[in-house]
Amino acid sequence: MDLAYIPSPSTGVIDLGPIPLRGYAFCIIIGVFVAVWFGNKRWVARGGRSGTVADIAVWAVPFGLVGGRLYHVITDYQLYFSDGENWVDAFKIWQGGLGIWGAIALGAVGAWIGCRRRGIPLPAWADALAPGIALAQACGRWGNWFNQELYGKQTDLPWALEISEGPNRVAGTYHPTFLYESLWCIGVALLVIWADRRFKLGHGRAFALYVAAYCAGRAWIEYMRVDEAHHILGLRLNVWTALIVFVLAVAYIVISAKVRPGREEIVEPGAAKEAAEAAKAEGVETADGVETAEDDADSKDDADSKDDADSKDDAGSKDAEGDAAKAAVTTLEKNDTAEKAKNG
């Protein structure tokens, strides 16, 4: 009896009234949001415009979904085109089945179209998005948990995954390969972020590092899985794919570093100029504010000086009027004394 294990959900669908919310699709949507959000932060930090990543993702995401589904259907065609199978199921993407290799390949085509329309280099955009893609995969793998699919060999480890009886599966506890890959993808994202800061990766090398690191993990995780797959020379097809793509990614890193060392200084034409103009406008506004304050101070000083002068003039006028009054009184008193002496 297992004392501890990871339970699987009884259903992969939550009904919100008339709208079915499928766990697999929900995980994919969250992953796309995380990739675009984090990619945008990195793109702006590289000197690009905010929103450019999302604009290009409008092209990349649909292409990626189609590519991922095509790869799955082609490599697992027996699930849809064998005797007794319904080929219409090949279009039911919500039931699971997206090959990351096809998603990245065809998604890159969509990204190239978007980048070409915006006039920006695809490698720079891919470098900015690389850690976000790894995080998106970490989120998307939980969709396999909702569908109770792509698990590993049987085990009685405390973190074993409980699988219930169902079509093409036997109840028991198995290695949670979805969890292994999710955690591996998080580690890949952290590795790319660190390496990019440490070595200033450019010209697509950050993206190539993500590809190589992911393939290294996918090879051993794929080897643990027990779902049906095609084998070549004793290895699963996806293991061979991971090994080949790993070699290509490492070769690209080495060759690119020699041919185009360093990092792109300008990733989006016009963005740096707009930022400089905005900073200049803020500087002018600040200068105008200082000048206005100085003018206000001068005006206040002038007003105070004028008030002091007016007050001084008023005081002088009052003193003069007082002296004149005194002189008039003295004259009257003298005349009065002289008149009395004459009459007396």
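Predicted model: local features only at pLDDT ≥ 70, side-chain atom pairs only at ≥ 80, totals over all residues.
**Aromatic pairs**
- Phe91 pairs with Trp87: the ring centres are 6.2 Å apart and the planes stand at 75°, so the pair is edge-to-face.
- Trp142 and Phe178 also make an edge-to-face pair, with 4.9 Å from centre to centre and 80° between the planes.
- Because Trp142 lies in helix H6 (residues 142-147) and Phe178 in helix H7 (residues 177-199), this pair ties together parts that are 36 residues apart in sequence.
- Phe178 is buried, at 2% relative accessibility, whereas Trp142 is partly exposed, at 31%.
- Trp142 and Phe178 form one aromatic cluster together with Trp145 and Phe146.

**Nonpolar surface patch**
- A nonpolar patch on the surface consists of Ile14, Leu16, Ile19, Leu21, Phe26 and Ile30, which together have about 540 Å² of accessible area.
- Strand E1 (13-16), strand E2 (19-22) and helix H1 (23-45) each give two or more residues to the patch.
- Ile14, a residue of strand E1, is partly exposed, with a relative accessible area of 49%.

**Helix H2**
- Helix H2 (residues 52-75) has 24 residues, which at 1.5 Å a residue should span 34 Å; the C-alpha atoms at its ends are 34 Å apart, in agreement.
- At Val58, H2 bends by about 35°, and the proline Pro62 follows within four residues.

Terms used
Residues numbered from 1 in each chain as written. Heavy atoms only, no water. Expected span 1.5 Å × (residues − 1). Bend = angle between axes of the 7 residues up to and from the residue. Patch = residues over 30% accessible without salt bridge, like charges linked within 9 Å, V, L, I, M, F, W, Y side chains within 5 Å. Areas by Shrake-Rupley, 256 points an atom, 1.4 Å probe, with all protein chains shown as cover. Salt bridge = Lys/Arg side-chain N within 4 Å of Asp/Glu carboxyl O. Buried < 20%, exposed > 50% of the residue type's maximum accessible area, 1.4 Å probe, protein only. Phe/Tyr/Trp six-rings, centres within 6.5 Å; stacked < 30°, edge-to-face > 60°.
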